[in-house]
Amino acid sequence: MNISQPRIVIIGGGTGLPVLLRGMKRFPVDITAIVTVADDGGSSGRLREDFRIPPPGDIRNVLAALSEVEPLIEELFQHRFETNSDLSGHSLGNLMLAAMTNITGNFAHAVHELSRVLNVKGRVLPSANQSVVLHAEMEDGVIIHGESKIPLYGKRIKRVFLTPDHIHPLPETLYAIREADLIVIGPGSLYTSILPNLIVPEIGNELAKAKAKKVYICNLMTQKGETGGFSASDHVKAIYDHTEPYSIQKIIVNNGYIPDSVKLRYKGEYADPVKIDYDNLEKLGIEIIADSIATLTEGFLRHDTKTLSQLIFNILENETKNRFQS
């Protein structure tokens, strides 16, 4: 850890976390990314079953986002095979993580060694150094097993939980949270990318005790099967319902213009822009940071890497300045 730079911990998974990290690595900050290992679909799910290792997909994307190598090397790491063989659907990075885990006998060690190979800026830590399964209890009482199956059920989620019962994070993860100058949660799918990190018991407890301010980056759109009809405060309340005692001091939300054509396209996927319910957020005692943080990428709405990372860096600078002055 570089003690001369402000320390930021960013927690998440899925496609949202790498977007933020690509921007954050441009700044003079000490980054620790804590990444979910609950994925059970696609290449990750197959490797998880075949080798009994944590799913590597989200970790792979974060390593690629934080790497400082030639573009061709990153492209090679992210290359996905499309063949008629057993390799079809696997990415080279996933296979490398599986192979390194076999060599070292430890998934976290494999991530560390590949971080060195890829010249990763900062540290990438799995939220658990073992294979875990995400479950959801739906409002109708049905229990759905497996991260990839949860959004498909189509009913509102009451809660999510992990098995096995005893899951322990890495000591480095707890230390990073304890020593952070700022903790950022998101962006990412609320129930399947964000909460699987926060409900690891020791991580949740450490976050509650952490002196650093917690910033939640709210999703741009609701998600079918997870957050249909959710406002910004509903996202926060879902986190609180799973992680009490807990506190989020700031929330970043998008107030930028979204074209009607884009809204219409997402409407077909049962998704809408997340409503910023200012009154409810203020009642929760949360500072609202509203900005135009969305961009259109290949027809999809994504967080704008540069704008979002600059916002986060500004918050971090203010936090470290205030801490130094006090």
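Is arginine 52 buried or exposed? Arginine 52 is exposed, with a relative accessible area of 64%. Exposed here means over 50% relative accessible area, buried means under 20%, and partly exposed lies in between, with a 1.4 Å probe and protein chains only.

Before I go on, some ground rules. This is a predicted model: local features need pLDDT of at least 70, side-chain atom pairs count only at pLDDT 80 or more, and totals for chains, interfaces and linings use all residues. Residues are numbered from 1 along each chain as its sequence is written, and side-chain values use heavy atoms, with hydrogens and water left out.

Let me start with the overall picture. The protein has 13 helices and 12 strands. Those are DSSP runs, numbered from the N terminus: helices are H or I with at least four residues, strands are E with at least two. The radius of gyration is 19 Å, close to the 20 Å that the globule rule gives for 326 residues, so the protein is as compact as a globular protein of that length. That radius is taken over C-alpha atoms, and the rule is 2.2 Å times the number of residues to the power 0.38. Along the principal axes, the C-alpha trace spans about 55 × 50 × 40 Å.

Buried residues make up 52% of the 326. The accessible surface comes to about 14,800 Å², and 51% of that belongs to carbon and sulfur atoms. Areas come from the Shrake-Rupley method with a 1.4 Å probe; for residues, only the protein chains shown count as cover. Take contacts between residues at least 6 apart in sequence: 72% of them join residues at least 24 apart. Contact means heavy atoms within 4.5 Å.

Next, charges. There are 34 positive and 39 negative side chains, and the centres of the two sets lie 2 Å apart. Lys and Arg count as positive, Asp and Glu as negative; His and the chain ends are not counted. Each charge is placed at NZ of Lys, CZ of Arg, CG of Asp or CD of Glu.

On to salt bridges. The whole structure has 12 of them. The criterion is a side-chain nitrogen of Lys or Arg within 4 Å of a carboxyl oxygen of Asp or Glu.

Lysine 158 sits in strand β6, residues 157–163, and glutamate 137 in strand β4, residues 133–138; they are 21 residues apart. Lysine 158 is exposed at 52% relative accessibility. Glutamate 137 is buried at 16%.

Another pairs lysine 213 with glutamate 319, with the closest N and O atoms 3.7 Å apart. Lysine 213 is in strand β8, residues 213–217, and glutamate 319 is in helix α13, residues 305–325, so this pair ties together parts 106 residues apart in sequence. Lysine 213 counts as partly exposed, at 32%. Glutamate 319 counts as buried, at 10%.

Then there is glutamate 287 with lysine 250, where the closest N and O atoms are 2.6 Å apart. Glutamate 287 lies in strand β10, residues 287–291, and lysine 250 in strand β9, residues 250–254, 37 residues apart. Glutamate 287 is partly exposed at 41%, and lysine 250 is buried at 10%. Salt bridges with shared partners also join Arg7, Glu179 and Asp181 into one network.

Back to arginine 52 and the helix before it. That helix is α2, residues 42–51, and its buried residues are Ser43, Ser44, Gly45, Leu47 and Arg48. Their cover includes α3 (57–66), α5 (92–104) and β4. Arginine 52 follows α2, in the loop between α2 and α3. Its phi is near 55°, a positive value in a residue other than glycine.

Tyrosine 270 also has a positive phi, about 60°, and is not a glycine. Tyrosine 270 is in the loop between α11 (260–267) and α12 (278–283), and is exposed at 58%.

Last, the cis peptide bonds. One joins threonine 163 and proline 164, with omega about 5°. Proline 164 is in the loop between β6 and α7 (171–179). Another runs from glycine 186 to proline 187, with omega near 0°. Proline 187 is in the loop between β7 (182–185) and α8 (190–198).
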